[in-house]
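Here are my notes on the model, point by point. Please read them with the structure open.

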Amino acid sequence: MAERKEIDLRAAINAISDVVQNRPRPLREMDQIYMKTGDMVLQSEMVAKWADGKRLAFIGDGDAISVSVAYLMSREILNYGPAKIQVFDFDERICGAIKRFADREGIEMLDSTLYNVLEAFPNIGEFDCFYTNPPWGASNGGDSVNVFSQRGMEAVGNKGEGMIVIADDHELEWPQQVLAAVQKFVLSAGFYVQRMASKVHHYHLDDNPDLRSCNLMIKSLPGILPPQNSEPISDQARLEHFYGRDHPIKIRYVREKKRVDYGKAHDDEYCYETFVEEGK
Ligand SMILES: C[S@@+](CC[C@H](N)C(=O)[O-])C[C@H]1O[C@@H](n2cnc3c(N)ncnc32)[C@H](O)[C@@H]1O
């Protein structure tokens, strides 16, 4: 196996800057809150090492860590990383932006599927590991995190590893409650917590810019049975306050109305006022 080369930081930051240009604007009411660029570089390098040679499913990915990992590999800034990346997200703008980026850059190992986590998971057991940065569950005791994690565990067919990215604050009460609830949930599903990297990412979060998240790494216990099938989620108790207090999940898909070039100003954002020509 070739030695892992050191990352060229300038090249990596410039590559992630291309990815950031391609991200659709976040919908705050759907808890889309994007990770900051410096943390994306470090996170992508870490994910590439963790999922080296594996088939990796993203359960939701507004942050575009999937695209960052694939692009760093295709630009040969990283000489290791996953063999395949598939993003499952209910936002058609995100799925479309991923497909267009992959097409333009000729990245064949990266693709996306329009999918809502409330519905049965379509590709059980087709992956070796999963990554999710879900709605953090501040108002639902972690139920929203657990719905996304459940889909991740189905993606790996209860045989593999997962990285769950959630709020981490040792003073605030709710992130600690959520961390405990998620750990209980994954243990009850036959997984265990392998390690946790605490308070490693910052976000563009206007009402709490200091709130950070951790990487909670889980692994299936040897010998647990694969899921027989995947069921839609109908238990209303798990769905109330999904995106925050009194924001239940009602939307199946976010549809893309108009294809925009995210790196450029939209034409409805501005108009030109010219110099008045002399003599007129
Ligand atoms: C909710 S955000 C969480 C914050 C994260 N930093 C981000 O912005 O990506 C995670 C991703 O999950 C997606 N998502 C939200 N609700 C979903 C659902 N019901 N089914 C599938 N994906 C969903 C969002 O579109 C987004 O890309």
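Helices and strands here are DSSP runs, numbered from the N terminus; a helix has at least four residues and a strand at least two. By that numbering, Asn158 sits in the loop between helix 5 and strand 5 (161-168). One caution before the points: this is a predicted model.

1. **Helix 5, length and burial.** Helix 5 covers residues 143-155. Its 13 residues should span 18 Å at 1.5 Å a residue, and the end C-alpha atoms are 18 Å apart, so the two figures agree. How many of its residues are buried? The count is 13 of the 13, so helix 5 is largely enclosed by the rest of the structure.

2. **Helix 5 against helix 6.** Helix 6 is formed by residues 173-188. The two helices pack at an angle of about 30 degrees, and their axes are 9 Å apart. The crossing is right-handed. On the helix 5 side, the contact uses Val145, Asn146 and Ser149. These meet Val178, Val182, Phe185 and Val186 of helix 6. By class, this contact has 5 nonpolar residues, 2 polar ones and no charged ones.

3. **After helix 5.** Gly157 follows helix 5 and has a positive phi, near 60 degrees. Asn158 also has a positive phi, near 60 degrees, and Asn158 is not a glycine. Most residues other than glycine have a negative phi. Is Asn158 buried, exposed or partly exposed? Asn158 has 18 C-beta neighbours inside 10 Å, so it counts as partly exposed.

4. **Glu76.** Here is another residue other than glycine with a positive phi, near 60 degrees. Glu76 lies in the loop between helix 3 and strand 2. Glu76 counts as exposed because it has 10 C-beta neighbours inside 10 Å. Please look at the backbone here.

5. **Helix 4.** This helix runs over residues 92-105, 14 residues in total. From first C-alpha to last it reaches 20 Å, close to the 20 Å expected at 1.5 Å a residue. Its buried residues include Arg93, Ile94, Cys95 and Ala97. Ile98, Phe101 and Ala102 are buried too. What covers the buried residues of helix 4? The cover includes helix 3 (65-74), strand 2 (84-89) and strand 3 (110-114). Just after helix 4, Gly106 takes a positive phi of about 65 degrees.

6. **Arg23.** This arginine is in the loop between helix 1 (9-21) and helix 2. Beyond its neighbours within four places in sequence, Arg23 is in contact with Tyr34, Ala64, Ala97 and Tyr262. Arg23 and Ile98 are 75 residues apart in sequence, yet their C-alpha atoms are 8.6 Å apart. Ala97 and Ile98 are among the buried residues of helix 4.

7. **Asp39.** Helix 2 (residues 37-50) contains Asp39. With 18 C-beta neighbours inside 10 Å, Asp39 is partly exposed. Which residues does Asp39 contact, leaving aside its neighbours within four places in sequence? They are Val200, His201 and His202. His202 is 163 residues from Asp39 in sequence but 6.9 Å away, C-alpha to C-alpha.

8. **Leu205.** The loop between strand 6 (191-201) and strand 7 (212-220) holds Leu205. With 16 other C-beta atoms within 10 Å, Leu205 is partly exposed. Setting aside its neighbours within four places in sequence, Leu205 is in contact with Ile33 and Leu211. Leu205 and Lys36 are 169 residues apart in sequence and 9.7 Å apart in space, C-alpha to C-alpha.

9. **Ala2.** Ala2 belongs to the segment before helix 1. Ala2 is exposed, with 6 other C-beta atoms within 10 Å. Ala2 and Asn79 are 77 residues apart in sequence, with 8.2 Å between their C-alpha atoms.

Methods:
Residues are numbered from 1 along each chain as its sequence is written. This is a predicted model: local features need pLDDT of at least 70, side-chain atom pairs count only at pLDDT 80 or more; totals for chains, interfaces and linings use all residues. The expected span of a helix is 1.5 Å times one less than its number of residues. A residue is buried if 20 or more other C-beta atoms lie within 10 Å of its own, exposed if 12 or fewer, and partly exposed in between; C-beta atoms are placed from the backbone. Axes are lines fitted to C-alpha atoms, for helices over the stretch in contact, and angles run from 0 to 180 degrees between N-to-C directions. A crossing is left-handed if the near helix is turned anticlockwise from the far one by less than a right angle, and right-handed if clockwise. Two residues are in contact if their C-beta atoms, placed from the backbone, lie within 7 Å. Ala, Val, Leu, Ile, Met, Phe, Trp, Tyr, Cys and Pro count as nonpolar, Asp, Glu, Lys and Arg as charged, and the others, Gly among them, as polar.
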